[in-house]
Amino acid sequence: MASLPQVVHDHASTHLERVAIEVWDEGSGVTLRVSFKQLSDNLKSAAGFLQQVGGVGAGQSCAILSHNTVAYICVSLGLMEIGATAIHLSWRQPDAVNLQLVKELGSKLLLTSRPFAHVAKQAQHEAGVRLMLFESICPTPLESSLPFLRRRRSPRTRSAAITRP
């Protein structure tokens with residue numbers, strides 16, 4: 001049976017420009033449309049970064065605390081690609097609950113976005129977990145550095161048209 005990242009890669013080879021995901025971006029108020037090719041390329045990039053810089057390997061567990069963003073999806077799929085386990089924490093839970101989950105589930109790395117840095121820093125201190133902000137995965141914030149997020153607003157709608165770099 002194929003893994004979810006493998007399904008994305010397979011679709012990318014036959015449906016290059018077909019939309020794979022649509023995510024509403026809270027910050028800009030636009031809907032981001034990501035093709036299978038773009039998703040495939042960026043999940044490979046996230047997987048490589050997590051292995052090389054994050055030291056993540058197969059069988060390890062990594063907690064993720066973030067809103068449902070394109071970066072969140074790429075990082076989640078990147079973890080699957082390398083055989084790591086993604087522990088998806090809910091930003092709607094109280095901070096104490098997420099902190100307890102990180103401790104109990106034995107995650108060695110917590111991937112998060114800036115709005116949740118305070119919880120991540122607390123987990124780093126109390127649970128000895130390493131912290132990696134999505135924004136640190138690339139020199140600029142991950143969301144704006146991924147090629148498929150260079151977008152322009154359509155004048156008639158609030159949706160975004162994806163442009164190639």
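Guide: Two strands pair if DSSP finds at least two bridges between them, and helices (H or I, at least four residues) and strands (E, at least two) are DSSP runs numbered from the N terminus. This is a predicted model, in which local features need pLDDT of at least 70 and side-chain atom pairs count only at pLDDT 80 or more, while totals for chains, interfaces and linings use all residues. Residues are numbered from 1 along each chain as its sequence is written, and side-chain values use heavy atoms, with hydrogens and water left out.

Visitor: OK, in what order do the four strands of the open sheet come?

Guide: The order is 4-3-5-6, with parallel pairing. Strand 4 (85-89) and strand 6 (130-133) are at the edges with a single partner strand each, so one side of each has no neighbour in the sheet. On average, neighbouring strands are turned by 25° against each other, direction ignored.

Visitor: And over how many bridges do strand 3 and strand 4 pair?

Guide: Strand 3 (residues 61-65) pairs with strand 4 over five bridges, in the parallel sense, and Leu 65 stands opposite Leu 89 in strand 4.

Visitor: Which strands does helix 3 touch?

Guide: Helix 3 packs on the sheet against strand 3, strand 4 and strand 5, and its direction makes about 170° with that of strand 3; such angles run from 0 to 180 degrees between N-to-C directions, with axes fitted as lines to C-alpha atoms, for helices over the stretch in contact. Helix 5 also packs on the sheet, touching strand 3, strand 5 and strand 6.

Visitor: Switching to Phe 116, is that residue buried or exposed?

Guide: Phe 116 counts as buried because its relative accessibility is 9%, where buried means under 20% relative accessible area, exposed over 50% and partly exposed in between (1.4 Å probe, protein chains only). Phe 116 lies in the loop between strand 5 (109-112) and helix 5 (117-127).

Visitor: What is Phe 116 in contact with, leaving aside neighbours within four places in sequence?

Guide: Leu 65, Ser 66, His 67 and Trp 91 are in contact with Phe 116 on that basis, contact meaning heavy atoms within 4.5 Å. Trp 91 is 25 residues from Phe 116 in sequence, and their C-alpha atoms are 8.0 Å apart.

Visitor: Last one: what is the mean pLDDT of the chain?

Guide: The mean is 78, and 80% of the residues reach 70 or more; pLDDT is the predictor's confidence in each residue, from 0 to 100. Over residues 138-165 the pLDDT is below 50. Where pLDDT is low, the predicted coordinates should not be read in detail.
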